[in-house]
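Dear colleague,

Here is the structure I promised to pass on. Please have a look at it first; my notes on what turned up follow below.

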Amino acid sequence: IISNPPYINDKKQNQEVSSFLKAILGDLSNGKIDAYHAFLKLSIDLLKPNGLALFVIPHNFLVSQSSKNLRNYILDNCFIECIADLSAINVFENVNTYTILLIVRKKEHIENKLQVTWLMKCRSSVGEALNQLLQENETDQNQFQVYKAINYFEKDKEWFILNKKEFELFNKIKENRKISDFLKLTQGVVTGKDDIFIRSNKDVTQKERKIYKNFLADKKINSYNFDKGESELIFFPFINNQTIDEQTLMSEFPTTWDYLSNNREVLQNRSKVRSSNGFSWWKLHSPGKPEDANSPKIISPYLTISPKFALDLTGEYVTSRSSYFTLKDKESDKDLLFYFLGILNSVPCYWALSLQSQKQSSGYNIFTINLLKTAFVPDPTLRENSTLVNQIILEVKNRYFERDYNKQIDSEKRI
């Protein structure tokens, strides 16, 4: 079987298609279902013992939680003959999905057996790389690597395509604790209608800015800091961390009320308003806790191709899709934020995150909240780490407050 199945995620499926795919997958469905999942399941079931199947599928199959049950199903029923990781290459023009080649052989008997898999990682020279793979020639070049692995994949785990050095490094990084042990991770504000709730600075009167916060777009997030130029504002109806009621909005912020009322029909048509009894049409879909949004925080980009974690030390900004980290204990020393800011922007930490991330156009990594929770960090509470922690905090502070570009680069090298 040779298949390049359609990639149709759950957002693009009508109810009939979604129900049909769930029926095919049965117990293998796990959250978000893509059409290609059903094609894989059907193909594996149709294979005869020792039959081969080749699939051209998205890279996120290797790491996504929604594909975990299907990966387990493949391990139970097939030998993985080959995986070619082409995610660094734009295989299909004008398509934002990055691909892999997966070749499996149906098992004759469900039994434990030595499994040899050929793996390929390719950055360029695809033709030459595939030729080396077909000839089963192990090679390690800058453009591509081809190598043989034994019993490489495990059930309930992501399928990372790593060479020997990368595998050893990743396992070393995983010996550290997760950042979620120290920091609280929060999704940015979900408005349900960004083009209405996010407004130009000049359209909001000074008097009514009390119920707005500065909005930080992904493109303005840089390493350690962010562009503090003229920003947009996002409607944030809280005062002293308490939600304002409709009467207060109408009486004390009449210009904003008039603006929202002019967009009432659109706002009422949001799915949460239509499906929830008692959810006010003018409210944000999911604003999060204002005390978190107003706290000092490390802001993560949602889409990134390089380390770009920034510190909002005054708590003046909020994001939309992008997640942010705050101290679990608000009384904790804020210097810890500088420490974790340095770790998150470090090459090893970013590499480990990008390794596990789903990919988007031009090789951008998607940093979801669930992925960020798994970031591995050296424990700052261990006595043996105290000297290093203090050095990192000092260097990150120098980098954060430094305005000279060349000195910033010097600081980053030291970090």
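**Pockets, a cavity and some contacts**

The second largest pocket is lined by 29 residues, with Y152, F160, L162, F167 and N171 lying nearest its centre. Elements giving two or more residues to this lining are β6 (139-140), β7 (144-150) and α5 (164-173). The largest share, 6 residues, comes from β7. About 660 Å³ of space lies in this second largest pocket. Its lining divides into 12 nonpolar, 7 polar and 10 charged residues.

Some ground rules. This is a predicted model, where local features need pLDDT of at least 70, side-chain atom pairs count only at pLDDT 80 or more, and totals for chains, interfaces and linings use all residues. Residues are numbered from 1 along each chain as its sequence is written, and side-chain values use heavy atoms, with hydrogens and water left out.

The terms used above are these:
- A pocket is an open set of points on a 1 Å grid over the protein atoms alone, with protein on both sides within 12 Å along at least five of seven lines; a cavity is a set where a 1.4 Å probe fits but cannot get out; lining residues have an atom within 4 Å of a point.
- Grid points are joined across faces, edges and corners, and a volume is the space filled by probe spheres set on the points.
- Helices (H or I, at least four residues) and strands (E, at least two) are DSSP runs, numbered from the N terminus.
- Nonpolar means Ala, Val, Leu, Ile, Met, Phe, Trp, Tyr, Cys and Pro; charged means Asp, Glu, Lys and Arg; the others, Gly among them, are polar.

**The largest pocket**

About 1600 Å³ of space lies here. The lining of the largest pocket has 47 residues, and K32, N60, Y302, Q358 and I366 lie nearest the centre. Two or more residues each come from α2 (35-46), β20 (358-359) and α14 (369-372). Of the elements, α14 gives the most, with 3 residues. By class, the lining of the largest pocket holds 13 nonpolar, 24 polar and 10 charged residues.

**The cavity**

A search of the whole structure finds 1 cavity of 30 Å³ or more. The space in the largest cavity is about 30 Å³. Its lining consists of L25, L28, S29, N30, K32, I33, H37, S66, S67 and L70. That gives 4 nonpolar, 5 polar and 1 charged residues.

**A helix pair**

Helix α12 (residues 335-344) packs against helix α15 (residues 386-401) at an angle of about 85 degrees, with the axes 8 Å apart. Axes are lines fitted to C-alpha atoms, for helices over the stretch in contact, and angles run from 0 to 180 degrees between N-to-C directions. So α12 is roughly perpendicular to α15 (65 to 115 degrees; under 35 is roughly parallel, over 145 roughly antiparallel, the rest oblique). In contact terms (heavy atoms within 4.5 Å), D335, F338, Y339, L341, G342 and I343 of α12 meet V389, I392, I393, V396, K397, Y400 and F401 of α15.

**Salt bridges**

The count comes to 13 salt bridges (a side-chain nitrogen of Lys or Arg within 4 Å of a carboxyl oxygen of Asp or Glu). E81 forms a salt bridge with R105, with the closest N and O atoms 3.4 Å apart. This pair links distant parts of the chain: E81 is in strand β3 (residues 78-85) and R105 in strand β4 (residues 99-106), 24 residues apart.

Best regards
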